[in-house]
Amino acid sequence: MTAFARPAGPRSLAARRAAAAAGEAVLRGVLAEDGTRLLLLVPDPHARFAAVELAAPFAAEVLDDGYGVCSYVFAWTPSRDPLPAAGVLGGYLDGFGDLRMRPDAASAIPLGERTWAVVCDAEWPSGQAAELAPREVLRGQLAALEGLGLVPSVGIEHEVVFRDAQGQPLTGHGVDYAVGGTERLAPLLRDLRTALEEAGLGVESARAECHPGQYEIVLRHRDALAACDDVLLQQLIVRRVAARHGVTADYLAAPEPGQGNSGHVHLSLSTMDGSETPLLGGFLAGVLRDARALTAVWAPTWNGYVRLRTAPFSPREVRWGHDDRTASVRVAGAGENRRLEFRFAGADAQPHLVVAALLAAGRFGLEEGLTPPDPGVTVDSLATSPWEALSLLDRAGELLGADVAAQLTALLTEEIEAGLGVVTEWQRRRGALRS
């Protein structure tokens, strides 16, 4: 096992810090070589990275001193404009000063061409953690769960649609579990398989999915921070390889009406010594109670509500079932391998925030001794529009903190306002019907 390996299963925050210390020593040696480059990556609220590339030998110094990144990366729009919420999000938009990126060497991967990528934390000049950084939000929930003596193991499934230069899916029909019919995908998938193996991300499985051009790549379950970092690193690699083939990788929550690219989260709980726990019921009950209030986390975009309203395997009803893919929460596996599959989020949702929201809601369920309803019983429904989701975010403040709730409010408000400021092809077609 290398210094940067992602071991399967749970890993405490202390164990991750130890892994980062071991990885840093190895990374220093790599970065001491002439011609090596280091790509510093910070997860932003839009499920992507803000990045700075550094060349050796200066890159090695960053492991000691960190490196600057503008504070607005946690308060910007998808088009990288500042959110119109300066008074709400405080210092993130006041003066556009620098935060300090601190590399987490446990996240390092090789990207080829003598380039290494490493995911970073962010902190203020004072050394205080940047509270709106998605990694910090997740770390706070992990620490709170460890306060109960529990550590999660997480696996994230992201679906993607591959499209050619004309925007058409690389298959003309659904290819669920297919081998035949995927021939146009084969050269891309061959190179993608090699790139992911060389990066050491630990792919468990890959298969064609149910919509045209759709594919799913599943990484092995691992500690929550690694699971969220790695699914974004996987997207980075997928997009790079696709571009070399003249192909785009589409992670829209709803590639078309009636279709869904999902970001399912598989989660199990262990005690700090690594043994399984019988506490999944209370955790499940907490998530079921607060799933509706957290819709803005599962569906942060206009497109996410198309998925929730039209895609049949993106259920809007809040209920659970045993090995039931029509339920929003599926209990899968048996015995020590039992896990919860949360099917709320689209592939465009921010994974660190999704997992943080699940951990917060589940922990409240454990602390309050909640019990889940019977399987198949619908207890609620997710919000059906971004306006409805926006109205429910007060509860997110109780679960994730007032600062995060303010950030989610600003992000979704901007998404609504931006959507109301454009003329779409649907509007043109609709207007033509009135002539």
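**View 1. Buried residues of helix α4 in a predicted model**. Pro 134, Arg 135, Val 137, Leu 138, Arg 139, Gln 141, Leu 142 and Leu 145 are the buried residues of α4. Buried means under 20% relative accessible area, exposed over 50%, and partly exposed in between (1.4 Å probe, protein chains only). Helix α4 covers residues 134-146, 13 residues in total. Its span from first C-alpha to last is 18 Å, close to the 18 Å expected at 1.5 Å a residue. The expected span is 1.5 Å times one less than the number of residues. Helices (H or I, at least four residues) and strands (E, at least two) are DSSP runs, numbered from the N terminus. This is a predicted model: local features need pLDDT of at least 70, side-chain atom pairs count only at pLDDT 80 or more, and totals for chains, interfaces and linings use all residues. Residues are numbered from 1 along each chain as its sequence is written, and side-chain values use heavy atoms, with hydrogens and water left out.

**View 2. Strand β1 and its partners**. Six of the seven residues of β1 (residues 37-43) are buried, so the strand is largely enclosed by the rest of the structure. β1 pairs with β6 (residues 115-123) in the parallel sense over five bridges. With β2 (residues 49-55) the sense is antiparallel, over seven bridges. Strands pair if DSSP finds at least two bridges between them. Leu 39 stands opposite Ala 117 in β6, and its bridge partner in β2 is Glu 53.

View 3. Ala 47 sits in the turn of the β1–β2 hairpin, which has five residues between its strands. Ala 47 counts as buried because its relative accessibility is 9%. Glu 113 lies in the loop between β5 (109-112) and β6. Glu 113 counts as exposed, at 71% relative accessibility.

**View 4. Helix α9 and its cover**. In α9 (residues 302-310), the buried residues include Asn 303, Gly 304, Tyr 305, Arg 307 and Leu 308. Their cover includes β11, α8 (295-298), α11 (386-390) and α13 (402-419). Contact means heavy atoms within 4.5 Å.
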